[in-house]
Amino acid sequence: MSKLRLDKFLADMGVGTRQEVKLLIRKGQVTVDGATVKVPEQKVDPEEAQVMVNGSSISYVKMEYWMLHKPAGVISATEDRRERTVLDLLNNAARKDLFPVGRLDKDTEGLLLITNDGALSHRLLSPKSHVPKVYEAVIDGKVTEEDRKAFGEGLDIGDDKPTLPAKLVILDITEKEPGIFESRIRITICEGRFHQIKRMFEQVGKKVVYLKRLSMGNLELDPKLQKGSARPLTEEEKAALGI
C-alpha cells in the first residue's frame, strides 16, 4: 500500500475532519514511530507506521466489510437528521466512509452489507451482474400456482421493462379465518428495483406484510446474528464475495 499524508491517515480513521487533525498535528499531539510530528503533509506507511494521538494508538484500516442484521424501523442511509440509520448500528467501525450496499426499505429486515469498497458495491449492484437476492415474506392472501408461474415469467410493474424472471417458492399457507389466508413464501430476484417485491405482489392482487432478506449473491445472513447487530465478515465470507 502506498504512503499516505498523516492528516489523511487520521481523518480516514475518524480522528476528526482534515482541518481538525491538522490542528492536532501542529499542536504536537501526534507521534509517528515515537517521534512528534508537526507537519500534516508528512507521508506515513499505513501498514508499518505506529501512529498515536495523545497517547492512543491509531491503526489504519483500508477496507471494512460488515454484515448487519437490519431491523425494521431503520433506514438504509449514511446519515439522516430525523431517522435512525443503519450506520448508527455500527459501534466498532474504524472508518467514517462506510455505506450500505444497496437499500432495504425502512420496514424490511435482514441482510445488509456495509463497506467502503466501492468496486465491490458496483459489482453487486450493477444491473448487468444479475446478482441473486433471496427473501422470505409473509403475504396477505393465498399465493397460488398461477402467481408462481407469473413471477417466473416476469411481471409488468409499471416500469419501462417487465421484471426479470423471479423464483417464487410457496412455503406455507394458513387460513387465519374462514376465507382469510396468509402465505409464507421465499422469492429470489436478480434485480433491485424500487419496492420491487411489494410491487410484484401488488400486481397479482396481494400485499406484502413482512419482508426479510436472507442472502445477496454468495453472502448469507448469519442466523446467529441478532436483529440490530453487526459483525465483520469472516475470511470465508470475503472469499465467497471474491475479495
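Lysine 106 and glutamate 83 join their side chains in a salt bridge, with 3.0 Å between N and O. This pair links distant parts of the chain, 23 residues apart: lysine 106 sits in the loop between S8 and strand S9 (109–115), and glutamate 83 in the loop between S7 and S8. The model you are looking at is predicted. Below, we follow more pairs like this one and then step back to the whole protein.

- In general, side chains of opposite charge can pair when their charged atoms come close.

**Other salt bridges**
- How many salt bridges does the structure hold? The total is 19.
- Aspartate 12 pairs with arginine 95 in a salt bridge whose closest N and O atoms are 3.7 Å apart.
- That pair, too, links distant parts of the chain: aspartate 12 belongs to helix H1 (residues 6–12), while arginine 95 is in the loop between strand S7 (65–70) and strand S8 (99–100), 83 residues apart.
- Are aspartate 12 and arginine 95 buried or exposed? Aspartate 12 is buried, with a relative accessible area of 14%, and arginine 95 is buried with a value of 7%.
- Arginine 186 and glutamate 136 form another salt bridge, at 2.4 Å from N to O.
- Because arginine 186 lies in strand S12 (residues 180–189) and glutamate 136 in strand S10 (residues 133–140), their pairing ties together parts that are 50 residues apart in sequence.
- Arginine 186 is partly exposed, with a relative accessible area of 33%, whereas glutamate 136 is buried at 19%.
- Salt bridges with shared partners also build one network, made of Lys8, Asp12, Arg95 and Asp97.

**A closer look at helix H5**
- Helix H5 (residues 196–203) has 6 of its 8 residues buried, so the helix is largely enclosed by the rest of the structure.
- Which residues of H5 are buried? They are Gln196, Ile197, Lys198, Arg199, Met200 and Phe201.
- What do these buried residues pack against? Their neighbours are S10, helix H4 (145–153), strand S11 (167–177), S12 and strand S13 (207–216).
- Just after H5 comes glycine 205, which takes a positive phi of about 80 degrees.

**The whole protein**
- The protein contains 6 helices and 15 strands.
- Its radius of gyration is 23 Å, well over the 18 Å that the globule rule gives for 243 residues, so the protein is more spread out than a compact globule.
- The C-alpha trace spans about 75 × 35 × 30 Å along the principal axes.
- Of the 243 residues, 44% count as buried.
- Taking contacts between residues at least 6 apart in sequence, 64% join residues at least 24 apart.

**Surface and charge**
- The protein exposes about 13,500 Å², and carbon and sulfur atoms supply 47% of that area.
- There are 40 positive and 38 negative side chains in the protein.
- Where do the two sets of charges lie relative to each other? Their centres are 4 Å apart.

Key:
Residues are numbered from 1 along each chain as its sequence is written. This is a predicted model: local features need pLDDT of at least 70, side-chain atom pairs count only at pLDDT 80 or more; totals for chains, interfaces and linings use all residues. Side-chain values use heavy atoms; hydrogens and water are left out. A salt bridge is a side-chain nitrogen of Lys or Arg within 4 Å of a carboxyl oxygen of Asp or Glu. Helices (H or I, at least four residues) and strands (E, at least two) are DSSP runs, numbered from the N terminus. Buried means under 20% relative accessible area, exposed over 50%, partly exposed in between (1.4 Å probe, protein chains only). The radius of gyration is taken over C-alpha atoms; the globule rule is 2.2 Å times the number of residues to the power 0.38. Contact means heavy atoms within 4.5 Å. Accessible areas come from the Shrake-Rupley method with a 1.4 Å probe; for residues, only the protein chains shown count as cover. Lys and Arg count as positive and Asp and Glu as negative; His and the chain ends are not counted. The place of a charge is taken as NZ of Lys, CZ of Arg, CG of Asp or CD of Glu.
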